[in-house]
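Colleague: Could you walk me through this one slowly, please?

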Amino acid sequence: MMATLEHTNFTVNDPKASAAWMHKVFGWDIRWEGAAMAGGYTVHVGTKHTYLALYRPEHPEPSSESSYDVVGGLNHVGVLVEDIDATEAKVRAAGFTPHNHADYEPGKRFYFDDDNGIEFEVVQYD
């Protein structure tokens with residue numbers, strides 16, 4: 001069996017708010033939520049087989065570093081969709097600004113930054 005990415009874990013300001021926009025934009029559901037390590041709170045949002053763990057520590061601190069300049073930094077999250085135009089409309093309705101539109105193999109794409117500064121790449125294969 002080939003390995004499959006099951007989840008990733010991000011630190012965010014408000015896990016419930018992030019899960020809410022991800023549900024509206026990507027159709028992902030909350031799989032679990034509750035207390036987490038060090039007095040934090042986590043929401044797992046995604047599909048039956050894959051998800052994002054959205055973690056908020058007791059006292060979150062913003063980062064001033066560019067993820068592209070730090071070894072181990074999260075540069076962006078790629079999300080595959082069936083209808084990129086409909087998804088872009090949902091991204092805009094959620095209050096985010098799409099940028100860097102491109103169309104090259106294997107498909108169309110655009111990027112947007114969420115309210116935590118996490119960059120998402122939305123892709124539709126041809």
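Modeller: First a convention: Ala, Val, Leu, Ile, Met, Phe, Trp, Tyr, Cys and Pro count as nonpolar, Asp, Glu, Lys and Arg as charged, and the others, Gly among them, as polar. The lining of the second largest pocket then divides into eight nonpolar, six polar and one charged residue. This is a predicted model, in which local features need pLDDT of at least 70, side-chain atom pairs count only at pLDDT 80 or more, and totals for chains, interfaces and linings use all residues. Residues are numbered from 1 along each chain as its sequence is written, and side-chain values use heavy atoms, leaving out hydrogens and water.

Colleague: Okay, new topic: in what order do the four strands of the open sheet come?

Modeller: The order is β1-β4-β3-β2, with mixed pairing (a strand is a DSSP run of E, at least two residues, and two strands pair if DSSP finds at least two bridges between them). Because β1 (7-11) and β2 (29-36) stand at the edges with a single partner strand each, one side of each has no neighbour in the sheet.

Colleague: And how many bridges join β3 to β4?

Modeller: Six bridges join β3 (residues 40-46) to β4 (residues 51-56), and the two run antiparallel; in β4, Y51 is the bridge partner of G46.

Colleague: What about G40, buried or exposed?

Modeller: G40, which is found in β3, counts as buried at 8% relative accessibility (buried means under 20%, exposed over 50%, partly exposed in between, with a 1.4 Å probe and protein chains only).

Colleague: So which residues is G40 in contact with?

Modeller: Leaving aside neighbours within four places in sequence, G40 is in contact (heavy atoms within 4.5 Å) with A35, Y55, R56, P57 and E58. The C-alpha atoms of G40 and P60, which are 20 residues apart along the chain, are separated by 9.2 Å.
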